[in-house]
Amino acid sequence: MHYQIDKFAQVVSAFEFQSVHYSEHLAFQDERAVFTYQEFNNKANQVASCLKKKSIGPGDFVVLYGEPNADFIISILAILKVGAAYVPLDIQAPKYRLQEI
């Protein structure tokens with residue numbers, strides 16, 4: 001488990017490097033949103049702050065349920081920033097399966 005946490009920290013560090021050195025470059029674009037690295041990182045930091053206020057941190061699991069879009073990806077980065085792990089749920093899965101998870 002420690003090995004995985006180190007890998008997640010490397011992902012977060014790499015993204016934060018990009019947000020500092022390439023702040024105005026395009027980081028994400030979909031049909032509804034366009035974000036520079038700085039904007040994307042700022043949004044992820046806001047979500048990470050909310051997660052910390054809810055006492056979510058290393059060793060915790062956070063369920064993600066929704067369409068893959070900017071908010072979904074921002075949430076993944078935020079979860080990694082607080083050291084937690086994310087559990088993406090398939091929105092097309094049957095309700096009974098989602099309840100089991």
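Start by selecting residues 37–53, helix 2, and residues 70–81, helix 3: they pack at an angle of about 60°, and their axes are 8 Å apart. Axes here are lines fitted to C-alpha atoms, for helices over the stretch in contact, with angles running from 0 to 180 degrees between N-to-C directions. That angle makes helix 2 oblique to helix 3 (under 35 degrees is roughly parallel, over 145 roughly antiparallel, 65 to 115 roughly perpendicular, and the rest oblique).

A word on ground rules. This is a predicted model, so local features need pLDDT of at least 70 and side-chain atom pairs count only at pLDDT 80 or more, while totals for chains, interfaces and linings use all residues. Residues are numbered from 1 along each chain as its sequence is written, and side-chain values use heavy atoms, leaving out hydrogens and water.

On helix 2, pick Phe40, Asn41, Lys43, Ala44, Asn45, Val47, Ala48 and Leu51; on helix 3, pick Ala70, Ile73, Ile74, Leu77, Ala78, Ile79 and Lys81. Colour them by type and you get 11 nonpolar, two polar and two charged residues (Ala, Val, Leu, Ile, Met, Phe, Trp, Tyr, Cys and Pro are nonpolar; Asp, Glu, Lys and Arg charged; the others, Gly among them, polar).

Now zoom out to a cartoon of the chain: four helices and four strands, in the order α-β-β-α-β-α-β-α along the sequence. These are DSSP runs numbered from the N terminus, helices being H or I of at least four residues and strands E of at least two. The C-alpha trace spans about 45 × 35 × 25 Å along its principal axes.

Note on methods: Contact = heavy atoms within 4.5 Å.
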